[in-house]
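Student: Can we go through this one together? I'd like to start with the helices and then move on.

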Amino acid sequence: MDNLFKIRILTAAVNAIKAPSRVVYNRIFAGYERMEPTDRLAFDVISGSEKLLGNISIFAPATVDDKTTRKTITLTAPRLSNKRFIATAELNALRAYGAAGVEMMKDRIAREQKDMRGKHDRTLEFWAVNALKGTIYDSDMATVLVDYNVDATHQPTLLLTDRWSDVADSNPIGNIRAWKKLIEDDSAAAITGWVAFLGGGVMDALLVNPAVRELLKTDKGSQIAESGRIQRLAGVELTEYNGSYIDDAGDRQRYIADDEFLLVGLCDELADVPYAPVVDDDAPGGVGNVGEGGAPAMFFSKSWKKNDPSGRWIKCESRPLPVLKRPGAVVDATVL
């Protein structure tokens, strides 16, 4: 029974839980995770030099080059931590003998851990989406955690007949091509691919747009028939994303708004995800742990007993920060 509550086992379990809801995070940020030795994070926001080199004599010294423009942002890592109390009285009605009792507690811990980890992943997805939009907010949608100072030209709002809901006069393909050129100019990086996350209303507008439908006739026109949505347009992989969360007021909100088209140019050094040490002296590599704690983990979990009322606390903690290193590689457009 005691093995159920060992920190090593609980931490391994919470890190092994799959997170199917992290669509944007998994597509853009996954793979960039790295552990930091301190909770004081520092990262660079990059823009590069786009000038050409002139030919010089083989006897001449090398020319003095412009450095890559890097703005360093320093901040204390955010902290996500939640805990839940499993009262012995809650298990009383399901009480069993021997191994059955152990399995009952094991299942309850696993269920609570999964739901607690789900809150971390939901928050991480929220931060990842908002990093691409240029500003990471806390759950209250008012407190700014990080502002990447995205240029206004990368946050356009279409007006009047330019809106994609105007089937007769709008030009979605022309807009997308113009935004791709903007990203290629401002990202200071070689774009290797394109992906866009869009709201359901935007996909609806594209599906009925005559110019879009005409183009798809010559581009494997079975896209719409097979999936009910457009998979690629103007060289961009389209992902309709209707994922949502419940805000502090109890209202459902979409990660990607119904009228939003979030275009990302995939390139080198696009993203970063530093993880700070967990603030817990029981966590491997955590803040306050002066012993041989082992390698730090991205998610930490532990359990401890409470005597009155009898039961156990279960805790889950992580300290991640999705970082957009190239704000010029993203356009967040309101198109309806």
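Tutor: One term to begin with: buried means under 20% relative accessible area, and exposed means over 50%. The model is predicted.

Student: Which residues of helix α1 are buried?

Tutor: In α1, residues 7-16, the buried ones are Leu10, Thr11 and Val14. They sit on the same side of α1, because the arc they cover around the axis is only 95°.

Student: And what is exposed on the other side of α1?

Tutor: Arg8 and Ala16 are exposed there.

Student: Changing topic. What is the strand order in the open sheet of five strands?

Tutor: The order is β8-β9-β7-β12-β17, and the pairing is mixed. The edges are β8 (232-233) and β17 (330-334); each has a single partner strand, so one side of each has no neighbour in the sheet.

Student: In which sense do β7 and β9 pair?

Tutor: Parallel, with four bridges between β7 (residues 193-198) and β9 (residues 236-240). Phe197 has Thr239 in β9 as its bridge partner.

Student: Which strands does helix α6 touch?

Tutor: Helix α6, residues 200-207, packs on the sheet and touches β7, β8, β9 and β12. Its direction is at about 110° to that of β7. Helix α5 (residues 172-186) lies across β7, β8, β9, β12 and β17, at about 40° to β12.

Student: Now salt bridges. How many are there?

Tutor: The count is 17, taking a side-chain nitrogen of Lys or Arg within 4 Å of a carboxyl oxygen of Asp or Glu. One of them pairs Glu317 with Arg79, with the closest N and O atoms 2.9 Å apart. Glu317 is in strand β15 (residues 311-318) and Arg79 is in the loop between β3 and β4, 238 residues apart.

Student: Is Glu317 buried or exposed?

Tutor: Glu317 counts as buried, because its relative accessibility is 0%. Arg79, at 46%, counts as partly exposed.

Student: Which residues are linked with that pair in a network?

Tutor: The salt-bridge network links Arg79, Asp280, Asp282, Lys302, Lys315 and Glu317. Within it, Lys315 and Asp280 form a salt bridge at 2.7 Å, N to O. Lys315 is in β15, while Asp280 lies in the loop between β13 (271-275) and β14 (300-306). Both Lys315 and Asp280 are buried.

Student: Last one, the β5 and β6 hairpin. Which residue has a positive phi?

Tutor: Met141, with phi near 60°; the hairpin has six residues between the strands. β5 (residues 135-137) and β6 (residues 144-147) run antiparallel and are joined by three bridges. Thr135 stands opposite Asp147 in β6.

Conventions:
Residues numbered from 1 in each chain as written. Predicted model: local features only at pLDDT ≥ 70, side-chain atom pairs only at ≥ 80, totals over all residues. Heavy atoms only, no water. Pairing = 2+ DSSP bridges. Helix = DSSP H or I, 4+ residues; strand = E, 2+ residues; numbered from the N terminus. Buried < 20%, exposed > 50% of the residue type's maximum accessible area, 1.4 Å probe, protein only. Arc of directions from axis to C-beta. Contact = heavy atoms within 4.5 Å. Axes fitted to C-alpha atoms, helices over the stretch in contact; angles between N-to-C directions.
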